[in-house]
Amino acid sequence: MKYSYFPGCNLKTNAKEYEHTAVEVSKILDAELVEMPVFNCCGTVHSMVSDNTMRRVAPVRILSRSEEHQKELEDTKNTVVTLCSMCSSTLKVVNEEVKEDEEMLQKINWQLERDNLKYSGHSEVKHYLEILRDEVGFEEIIKKVKKQLKGMKIASYYGCMLLHPDKAKIDDSETPTVMESLTLALGGEVVDWPYFKTCCGSYHVVDKEDIVNNQVLKITEGAKKRGANAIITACPLCAYNLDSQQVFLQKKGVIKETIPVFYFTQLMAIALGIKLKNFEDHHVDPKPLLKSLGLI
Amino acid sequence: MIRGYPESMRKSIDKVNKTRDKRIDQIMKDLTLEEREKVLHEFHPDYNPAYKRDIGWGQNKGDNVPNEVADILESYPIYDPDEIDLSQIDYDVGVLIIGAGGAGTAAALWTVYSGVPKDKILLATKLRLGDCNTVMAQGGIQAADRPEDSPLIHYLDAMGGGHFKNKPELVKALVSDGPKIIKWHKELGLMYDQNEDGSFVENAGGGTSRNRMHCAKDYTGMEIFRNLKDEVINNEIPLLEFSPAVELLKDENGRVAGALLYNLETKEYSVVRAKTTILTTGGFGRLHIAGFATTNHYGATGDGIVMAYRAGAKLRDLDSTQFHPTGAAFPEQIVGLLITEKVRSLGAQVLGKNGEQICYPLEPRDVEAASIIKVTKSTDNYVETPTGMRGVWLDSPLIEEIRGKGTIDKNLAAMKRMFSRFDIDMTEDPILVHPTLHYQNGGVELDEHGYTSVPGLLGAGEISGGVHGKNRLMGNSLLEVNVFGRRAGITAAKEYKRGKKPGKLTLSHVKKAIEQIDTLNLKKKRFSPVILPEYRSEAVRDRLIQLFESSL
Amino acid sequence: MAKAISMREKKEELDTVTIYIMGQGYKVPSSLTIMKAMEYAGFKLKRGVGCRAGFCGACATVYRKLGDYKIYANLACQTKVEDGMYLTQLPFVPANKAEYNLDEIKPSISTMLRFYPEIARCLSCNACSRVCPQDIQVMDYVQYSLQGQIDKAAELAFDCIQCGLCAIRCPAEIPQYHVATLARRLHGRYHMIAPDTLEQRVKEIEEGKYEKGFEELMSLSEEELKKRYVARDFIDQKKA
C-alpha cells in the first residue's frame, strides 16, 4: 500500500529525522509514505472565522493536489497522510468544513480553477498514527519488531493538535491510547501521567519564551516524577519546545536533569532495526540513555 | 496556420522533417581561410562599399565606417552648449560610470572593492539599471578553465576569429582573466550549469577549438546581470536611472572631468564633475546598420562613440559590424531577435528549402552570416515568409534526435518559450532564420588597463574597440564586459587615490567639434547622441509639435 | 467605450484592430506586438520598454479583453495585439529588496525568513503564478523557500526576468522576484560548488605559467600566427 504524503514545512527543516524515520518505517510496514510532488503550506492554523474562504484555499489546494497525486500512485487510498500534528489538524478541520458546506467548496474551487485544480471533497486526511493503528495494526508492528525497547519508560505526549478540536482529533481527547499502544507494541513501558495534552506553549516560543518555559517545566518535571526516561511526540513544534527549552532551563539552573524527547517514529525505527542517521537535531542528547539500554 | 506556420511554409518544413534521419550523421566541411575570404567579400555587408563612407573630421578622419556611424559622428550636439551652466555642479564625485549594463555594473563593483568610498561613485544610466544587451546574451561566456584547454588556445581562437586584427594586449587580458571572472561569479552565487560530476557544462562555439562556453541554461547574460545588479544594490552604489549622458565634460587641462546628464522624465540637465569617467554605454545595434533588423536593446544607439569622439578619443575597427548568423525571420513579431548560437552548438544544422545543409553550422559568425546571405541573395534555395522576409531553416528538432528528449527544455528554455508564444514548437519543427545586426566589433580604443587615448576617460564593454578585431566570437562579449569592467574599476580606484582634482569644467572641445562639422557643409543637419531610436509611425511624426517647452 | 475614428484612420487599408491604451482607443495593424502597436500609435516609449526581446522585464503590461472578466498580464514586446484589448503598462514596480552580504549568510529557511519575513504570509492563492509571463510556478518557489528547500526554489525560479508582475498581484504583499534572487544566489554560492580545475587554472595564471607562451605568441607575425591558427587541434566538439 502507498499513501500520498504531505510533509508540510517543518518536516523539511527542523524535523528531518522525523520524516526520515517515518518514511523508512513505512517501507518496512508496507504502508509507504510517498511525498507529493509539489505542496504548499497547510495554512498553519485553521481559520476560526466561518466566512474566511481565502484562508481555506491553501489547505484545499493541498487536498486537490493530493488527489492528483493519488491518481499517479498504484495501490493507494483516497487518503492524505501527514506527520505534523499542526498540519493534520488544519487539513482535517478544513476537509470536514468543505465536505459539510458545498457552497464554500465551490467558491474555493473557483479559485483553483485557473490552476486546473479541483477538489472533489472525497479525500480523507489521516495522521500517520491513525494509519498505524487502523490500517497497519499493532499486531503487524509487533511481528516486525527486531529489538524490543526494554527499559524505556515512555511518557506519550500528544499536545493539543492531535486531540482538538473534535473535527481533527485522532483519538479520544480525554483518554487517548494510540501512542501507548504503540509503545507496548515496541516493547517499551507505558508511563501514566497527567500532562499528556498540556500545551507546550506553541508559537509563543518566538516572542514570549517565558510562557513556553513554564509549560515545558511543568510537562517534563511531571514526566520525570512518574518515572519516565523518555518522552515521545508527534509534532515538530512540540518536540522543539520540549527539547530546546529543557536545555535552556538547565543552563539557568532551574532543573538539573533533562529527559530526552523523541519522535515516535524514531523509536519505531530503532525497534524495527533501522540504523538511525544521527541525533544532531536533538538538544537533549538521547545517546547516553539509548546506549545504557543497549539500543544503539 | 498549421502549428504556427502558414501552409506555404509547411511544404518546405515537411521536406526538412523527412530528411532529418538521413542528415543526422552528415557533417559539412568547414571552409578554408581562402574560401572564407571569398564568401565574406561577396556577401558580408561589411565588405559592401555602398553601405559605408569615410569619416569627415577628427582624429579618425578618413576611416571607412558604416554610413549610420558616420552620420552620428558628423552630427551637432542635441543641446546648445551656450545654454549650459557648468559653474553649478550637481554631483561632485571620484568616479562617474556612464551606463549601467554588464560592464558598468562590473566597473562600479570593482571600484567599490578597490576601496573607493561608495558616496564618491555615481552610476548613471539611460534607462533602468540593467537595461542592456548583457541581459539578452543567451549562449554563454568563454573561459579556458578545463585541463585540455589553456588561455593560449583561447588567445589563438580569438585572434583568428578577429581576422588577426585584434589588439594583442587586450586579447591577452581577456583570456587570462577568464577563469578569474568565473571564480568571482561563483562567489556571487551564479548558477552556472554543472554536470553530475561537478564539472562545468562547457559547449563549443563558432570558431572555438575547445569547449569553453560556460552557460546558465540560455539565460546566461541574465543570470550574470541579476547577480551584479543585486550586488550593486547591496553595496548601496549611488544610481541615477533614466539619465543618459549627452556629452562628456573636460577641464581646462584637457582631461575628461565628468559629464552632462539629461533627465528623460523631467527634461532637465545636470552637471557631474568626476576625477575619472568610465564609459560603458554599449554598442550601436539600434542604428540599424545597413538597414538590418537587430537583436539589440532599445537603448543601444552608439551614444558613447559620439561623446568619446567629440572628446578626442581615438576609435578603431568600426569598419566591421557583427551580423549574427541566426536572427528570427519568422514570425514577423520577432523578426531580428536573437536565436542563440547555442542552438547550433547543440547540433542544429542550417538548411535550404529542400532540407539539405547549406554550410558548416559553426563557422566564425561573419562567415556563417555571409554563407546564409549568399543563399538568400544569390540562389532560390531560401524560404520566403508571407510578408516577404527571406530565411533559411535552423533544424532545431535535430538537437533532441542527437541528445535526447528534453534537451531543448533544459538548455534552451528561453528560446522555446519565445516561439511557443507564437504557437511554434521548436522541438517538432525547424525555425526560420536570417542574419541580424548583433554587435559593434570596434569602438573606442583601449589599453589593457581600460584607458582610452584621452586622459581621465576609461572604457569597457561593447563601446570599446580592439578586443575582438574585425569579428567577435560567441561568449567573448560576456567575458569582455566582466574583464574590462573589472579592470576599469580597479584603474579608476587607482586614479581616485592619486587625487588629481579636476579643474574648471568646459565644453570648449564640443565647440571645436561644431566648428569642424560646420566645414563639412552637410546637406541635412543631424543631431546626436541619438539616445532613443525613432519607431513612431510617420503619420504621427508628421504632426508633432512642441507645445509646453516652446511656451517658456 | 466607442472609439472616435479620425479621417486618417478611415483611409487606412491595413488589417487593423482597435486597442485601448490607458483607456484611449487606437487603430493599429493587427500583426504588431503591443509594444510596436503603442509606437505605431505615436507613443515614444521611455518607461515600459527595454530589450524588446523578452529578457529584461521592463514591459510588463496588464490588460483585459472586451467581454472577458479575467485580468491578463504579459510582456508588451512578446504579445500580439487583439481587437478590444484594454491595456496599461506598469512603468515601475515598487518592491523592497533586502540588502545582505552573501558571505555572511547561509542557505537556510531562517535566512529566507530573516530577509523576507512576509513569505510566511503566503495564502497559497497562486495569483503570482497565473500572472507570470515566464510561466514560472511562483507560489511553489515561495513555498519551497518557506520549507527551506532553497535548491528547489532556486531551480524553479531560474527563468525569472524580474518584471515584478507577481509582486503587484500578491495579496500577501510578498516581493517574490527578490525572494527568488536570494534563493538563487544562496544555491549558486553554497550548493553548486565550482570544480577544483577552476581554482587550479586561476592559480596557474597568477603564478605566470602562461607568460612565456603569450610572449611567444605575441611576437609572431600575422602570417606565422595564421599558420598556428590553421594548425589548431579541435577537442571535444561533438560531446559537449
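# Reading chain contacts, domains and strands

Modeller: Among the two pairs of chains that touch, chains B and C have the most contacts. Two residues are in contact if their C-beta atoms, placed from the backbone, lie within 7 Å. This is a predicted model, in which local features need pLDDT of at least 70 and side-chain atom pairs count only at pLDDT 80 or more, while totals for chains, interfaces and linings use all residues. Residues are numbered from 1 along each chain as its sequence is written, and chains are lettered from A and ligands numbered from 1 in the order in which they are written.

Colleague: How many residues of chain B and of chain C are in contact?

Modeller: On the chain B side there are 68 residues, and they meet 65 residues of chain C. Helices (H or I, at least four residues) and strands (E, at least two) are DSSP runs, numbered from the N terminus. Elements that each supply at least two residues to the chain B side include α5 (151–161), α7 (220–234) and α13 (413–420) of chain B. The largest share, ten residues, comes from α6(B). By class, the side of chain B that touches chain C has 32 nonpolar, 18 polar and 18 charged residues. Here Ala, Val, Leu, Ile, Met, Phe, Trp, Tyr, Cys and Pro count as nonpolar, Asp, Glu, Lys and Arg as charged, and the others, Gly among them, as polar.

Colleague: What separates chain A and chain B?

Modeller: No contact joins these two chains, and their closest C-alpha atoms lie 19 Å apart. Chain A does touch chain C, in a contact that takes 13 residues from chain A and 14 residues from chain C. Helix α5 (residues 138–146) of chain C gives the most to the chain C side, with four residues. That side of chain C has six nonpolar, six polar and two charged residues.

Colleague: Which domains is chain A given?

Modeller: Domain bounds come from an automatic or database domain assignment. For chain A this gives domain 1 (2–129) and domain 2 (146–292). Their C-alpha centres lie 25 Å apart. The contact between them takes 23 residues from domain 1 of chain A and 24 residues from domain 2 of chain A. On the domain 1 side, α1 (16–28) and α3 (85–100) of chain A are the elements that give two or more residues. The largest share of that side, nine residues, comes from α1(A).

Colleague: Which residues of chain A does UniProt list for "domain: Cysteine-rich"?

Modeller: UniProt positions are given in the numbering used here, feature names are shortened, and annotations may be inferred rather than shown by experiment. The unreviewed UniProt entry lists residues 4–92 and 155–243 of chain A under that name. Over residues 155–243, chain A is 42% helix and 9% strand, and the end C-alpha atoms are 14 Å apart.

Colleague: In what order do the five strands of the open sheet in chain C stand?

Modeller: Two strands pair if DSSP finds at least two bridges between them. In chain C the order is β2-β1-β5-β3-β4, and the pairing is mixed. β2 (24–29) and β4 of chain C are the edge strands, each pairing on one side only. Neighbouring strands of this sheet are turned by 35 degrees against each other on average, direction ignored. Axes are lines fitted to C-alpha atoms, for helices over the stretch in contact, and angles run from 0 to 180 degrees between N-to-C directions. Strand β1 (residues 16–21) of chain C runs antiparallel to β2(C), joined to it by six bridges. C:Thr16 has C:Pro29 of β2(C) as its bridge partner. Helix α2 (residues 34–41) of chain C packs on the sheet, and its direction makes about 105 degrees with that of β2(C).

Colleague: Is strand β17 (residues 390–394) of chain B mostly covered or mostly uncovered?

Modeller: A residue is buried if 20 or more other C-beta atoms lie within 10 Å of its own, exposed if 12 or fewer, and partly exposed in between, with C-beta atoms placed from the backbone. β17(B) is mostly covered, with four of its five residues buried.

Colleague: Which strand of chain B forms a hairpin with β17(B)?

Modeller: That strand is β16(B), with five residues between the two, and B:Gly388 in the turn has a positive phi of about 90 degrees. β16 (residues 383–384) of chain B is antiparallel to β17(B), with two bridges, and B:Val383 stands opposite B:Gly391. β17(B) also pairs with β14 (residues 350–351) of chain B in the antiparallel sense over two bridges, where B:Val350 faces B:Leu394 as its opposite residue. Three bridges join β17(B) to the antiparallel strand β18 (residues 431–440) of chain B, and B:Trp393 stands opposite B:Leu432 there.
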